[in-house]
Amino acid sequence: MLRHLLLKLRATGPVTVAEYMREALTNPGEGYYTRRGGIGESGDFVTSPEISQVFGELIGIWYISEWIAAGKPKAFQLVEMGPGRGTLTDDILRVAETSSLSSKENSGQGAQTVHTEVSPKLSEIQAQMLTGGKVQSNPEDKSVYMKGISKTGIPIFWYRDIQDVPLGYSFYLAHEFFDALPIHKFQRTEKGWREVLVDIDPEVPDQLRFVLSPSSTPATQNFIQPEETRNHLEVCPEAGVIIQNLACRIEKGGGAALVADYGHDGTKTDTFRGFRNHKLHDVLSAPGTADLTADVDFSYLRKMTQGRTATLGPIKQREFLKNMGIDLRLQVLLQNSCDTATREQLLHSYDMLMNPKKMGDCFSFFALLPHHRFARPDKKHKPESESPLPPVAGFSELLLK
Ligand code: SAH
């Protein structure tokens, strides 16, 4: 990867951080996700669904409660973007099976699962996890490149891009997905905004370094708001395009999107980091061998919905999970487990997810919901006969009936 980048930089000059990040993570031959995808205990990072099944179960309950609030539509799809090892979908489908969400009586053939994934390596792992490996590959098809049936009997399709996924009532899920998308970085200078670029270090052979663009770039002109007050800025236009797409889909077809990620609400500046073997790693060294991430700017995502949907959050992970009833779920699991090792494991994973110093505070939840979720269309005509709309679980306390 480094050789490939050095050749490119020598031929064309410095590249944007977004281009560097795209190459390092998803280059078809040597990209980090394409080739390795180091998620899990022995990988470079562990994500919440890999820590505890409770995480996925509570997210499953979130979708069920929104599905009930929408009047239990018969046909729907669960669309997960960048599903990693597929653990989260697996946990959600298990909860869905025990509820009426995906039961045969309720939906017949109405439910399906969709993954958007660029990594052949990770889609193979997802297929193994969800279908036991029984999938049909379709590399010729431009959009659906693989399909199968989940262990619970639900059809599952793999796409590369959200734009190709069929429209219709859908639940979208993006867990630690947006932080892996390429960002542009900008620095305010006396001469105005300049873009941070990646170039070859002239002093050290085969080493990369950051430089500032000598003048403004297309990105400085298009992605910075005139009212911006920060001096350093990261913008992820790809995340903006995807959110715009999700907002249009939800406006037209209904459903909900849940985004969970490291992030801030338009306040942080330099958050571009590399991780390798669970340790911080210089983002410019050995590209393709480390995970690169940047915090998600939820204020930017909110802006990019362009008012097509309502948005909720960001709310911290520990508050979201508490509202979803994690304490009750933990109590039940503790009561049902008789050995000390399992109980300790349950308490340890609860601490990882909820402790403000661990994942409790640095991860946030953010949702897109159709405007009509918050206002009854016929309210004007007979307001007195209406029962209040149920609050959105997670963002306020889940009402257990
Ligand atoms: N959601 C999982 C994995 C997070 S890692 C979890 O929380 O455990 C990021 C995931 O996004 C990986 O599956 C990676 O292959 C995928 N990915 C990265 N860039 C992508 C892109 N541009 N389009 C689709 N998937 C992408």
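Student: On what basis are residues numbered and features counted?

Tutor: Residues are numbered from 1 along each chain as its sequence is written, and side-chain values use heavy atoms, with hydrogens and water left out. Because this is a predicted model, local features need pLDDT of at least 70 and side-chain atom pairs count only at pLDDT 80 or more, while totals for chains, interfaces and linings use all residues.

Student: Is S48 buried or exposed?

Tutor: S48 lies in helix 4, residues 48-51; helices are DSSP runs of H or I with at least four residues, strands are runs of E with at least two, and both are numbered from the N terminus. Buried means under 20% relative accessible area, exposed over 50%, and partly exposed in between, with a 1.4 Å probe and protein chains only. Since its relative accessibility is 0%, S48 is buried.

Student: Which residues does S48 touch, apart from those up to four places away in sequence?

Tutor: A contact requires heavy atoms within 4.5 Å. With residues up to four places away left out, the partners of S48 are F55, H175, Q317, L353 and M359.

Student: How many disulfides does the structure hold?

Tutor: A disulfide is a pair of cysteine sulfur atoms within 2.5 Å. For C362, the closest cysteine sulfur, in C236, is 18 Å away and therefore too far for a bond. The number of disulfides in the structure is zero.

Student: Which residue forms a salt bridge with E19?

Tutor: A salt bridge places a side-chain nitrogen of Lys or Arg within 4 Å of a carboxyl oxygen of Asp or Glu. For E19, the closest N and O atoms of the pair are 2.9 Å apart. The pair links helix 2 (residues 17-26) with helix 1 (residues 2-12), eleven residues apart. The partner of E19 is K8.

Student: How many residues apart in sequence are the parts tied together by E50 and R85?

Tutor: E50 and R85 form a salt bridge, with their closest N and O atoms 3.8 Å apart. E50 lies in helix 4 and R85 in the loop between strand 2 (76-81) and helix 6 (87-98), so the parts tied together are separated in sequence by 35 residues.

Student: Which residues belong to the salt-bridge network that includes E57?

Tutor: E57 meets R329 in a salt bridge of 2.7 Å, N to O. E57 is in helix 5 (residues 53-69) and R329 in helix 13 (residues 326-336), 272 residues apart. Salt bridges that share partners make one network of E57, D91, R94 and R329.
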